[in-house]
Amino acid sequence: MKLADNKATLSFSNGSPSIEMPVYSGNIGPDVIDIRKLYGQSGMFTYDPGFLSTASCQSAITYIDGDKGELLYRGYPIEQLANSLDYLDTCYLLLSGELPVGQQSKDFHKLVNNHTMVNEQLQFFLRGFRRDAHPMAVLTGLIGALSAFYHDSTDINNPEHRHISAIRLIAKLPTLVSMAYKYGVGQPFVYPQNNLSYAGNFLRMMFAVPCEEYVVNPVLERAMDRIFILHADHEQNASTSTVRLCGSSGTNPFAAIAAGVACLWGPAHGGANEACLNMLEDIQKMGGISKVGEFMEKVKDKNSGVKLMGFGHRVYKNYDPRAKLMQETCDEVLKELGLENDPLFKLAKALEKIALEDDYFVSRKLYPNVDFYSGIVQRAIGIPVNLFTGVFALARTVGWIAQLNEMISDPEYKIGRPRQLFTGSVRRDVQR
Ligand code: SDX
């Protein structure tokens with residue numbers, strides 16, 4: 001970051017001395033006012049619940065322009081990456097900052113493929129859960145439990161440990177997600193096959209059964225890989241900020257990523273794809289497209305507490321570029337599976353059309369986000385609704401790791417410790 005040719009001066013109407021604060025610029029995007037010395041000079045904190053106007057860090061990984069609807073991973077537009085790279089090359093880019101060339105890509109694919117198995121003991125950990133446990137509860141447990149197996153790579157301040165735990169997490173997430181699924185449906189676990197692609201391996205571990213050969217469908221394989229790419233990273237969203245704050249205490253990478261999984265589960269965040277599909281199914285049960293108008297009235301009624309899941313975004317005040325790519329993927333998968341007339345897809349398109357013309361949504365700049373179509377395409381592939389967020393966590397693990405590693409390797413980083421505006425009781429004595 002570089003000092004801007006600008007300064008911020010904070011003055012007070014009560015005559016307190018004004019305070020000058022430096023302004024810094026990045027390469028693109030808003031400048032920042034450096035308030036690090038504000039408390040020391042004024043005895044006051046800034047106040048920004050939800051962090052609507054707060055930059056928590058400097059980062060070179062992902063840039064979002066919410067007004068333009070632009071998403072760049074290490075400077076490359078998401079549209080170009082989704083159409084020309086696979087997920088593991090995207091992982092290499094997010095982790096290293098550059099696209100892999102020639103042998104680098106092959107070596108990275110091989111490295112990840114050689115770490116796809118998990119310790120056999122983990123299946124006994126899994127068996128402690130009820131069969132109907134939500135997969136996100138299982139995954140939060142399983143990923144945190146990985147730190148019990150890898151004592152050789154838990155020192156987050158050791159670059160070698162950070163590298164091997166990054167590879168282990170990227171490689172093992174598909175195995176763990178499919179194990180959580182198989183356990184829930186009472187089918188035997190399927191071991192990874194290292195001769196398959198990352199996405200093909202995941203599909204096979206999810207849907208293969210011992211009684212017959214499983215053949216990976218290349219259209220579904222490509223769609224799965226694209227779903228992973230679209231969810232790989234997204235600047236300082238809630239779960240990434242959780243991973244950064246958790247990792248800032250120096251805890252091991254597995255624990256920090258498990259914290260990210262737990263945060264992603266929420267319906268306002270990664271849980272929105274599951275909530276969106278449940279919403280579509282509810283409207284379908286109510287009568288489908290003919291009931292959309294009635295549903296939209298509920299959404300616009302503040303007291304109903306009903307939201308159009310998969311719509312709106314803290315940063316995008318334009319169409320989420322991932323939603324467009326996800327819709328294309330949806331089209332491809334439904335065509336491949338002969339589901340072009342899928343009622344939920346038609347319902348989603350009808351909802352989107354109405355919302356994009358309705359002043360309630362237009363005035364609030366509410367557009368479809370990444371979660372609006374991802375549930376429909378995952379459901380068509382055969383992934384159960386309660387596993388959608390697990391797939392999101394699988395894909396986002398590389399982004400969490402890249403952001404965590406960036407923070408830890410920044411010599412300026414400190415443990416995160418926000419303050420508060422205290423509105424509770426003043427000091428009082430116990431009366432006995
Ligand atoms: C993800 O941060 C990221 O980058 C996240 C993510 C990533 O890749 O990591 O992109 C993934 O989490 C995508 C978002 C998934 N969530 C949903 O689809 C849930 C539905 N969306 C809303 O909950 C909401 O839009 C949020 C949480 C996504 C954003 O909320 P904000 O930025 O706090 O905005 P807000 O709640 O202040 O909304 C502004 C207005 C409000 O109305 P008014 O008070 O101005 O009258 O818009 C309304 C809101 O009530 N509004 C909605 C709405 N989203 C916002 N009204 C109806 N339906 C919605 N979906």
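I searched the whole structure for cavities and found 1 of 30 Å³ or more. I took a cavity as a set of points, on a 1 Å grid over the protein atoms alone, where a 1.4 Å probe fits but cannot get out. I took its volume as the space filled by probe spheres set on the points, with grid points joined across faces, edges and corners. The largest cavity has a volume of about 40 Å³.

I noted that the model is predicted, with local features needing pLDDT of at least 70, side-chain atom pairs counting only at pLDDT 80 or more, and totals for chains, interfaces and linings using all residues. Residues are numbered from 1 along each chain as its sequence is written, and side-chain values use heavy atoms, with hydrogens and water left out.

I listed the lining of the largest cavity (residues with an atom within 4 Å of a point): Asn113, Thr116, Ala171, Pro174, Thr175, Tyr198, Asn201 and Met205. Helix 7 (159-185) and helix 8 (198-207) each contribute at least two of the lining residues.

I then looked up polar contacts (pairs of N or O atoms within 3.5 Å). A polar side-chain atom of arginine 322 is 2.7 Å from a ligand oxygen. For glycine 310, a polar backbone atom lies 2.9 Å from an oxygen atom of the ligand. An N or O atom in the side chain of lysine 302 is 3.0 Å from a ligand oxygen.

Conventions
Polar contact = N/O pair within 3.5 Å; in protein donor to acceptor, adjacent residues only side chain to side chain. 1 Å grid on protein atoms, 1.4 Å probe; cavity = no way out; pocket = protein on both sides within 12 Å on 5 of 7 lines; lining within 4 Å. Helix = DSSP H or I, 4+ residues; strand = E, 2+ residues; numbered from the N terminus.
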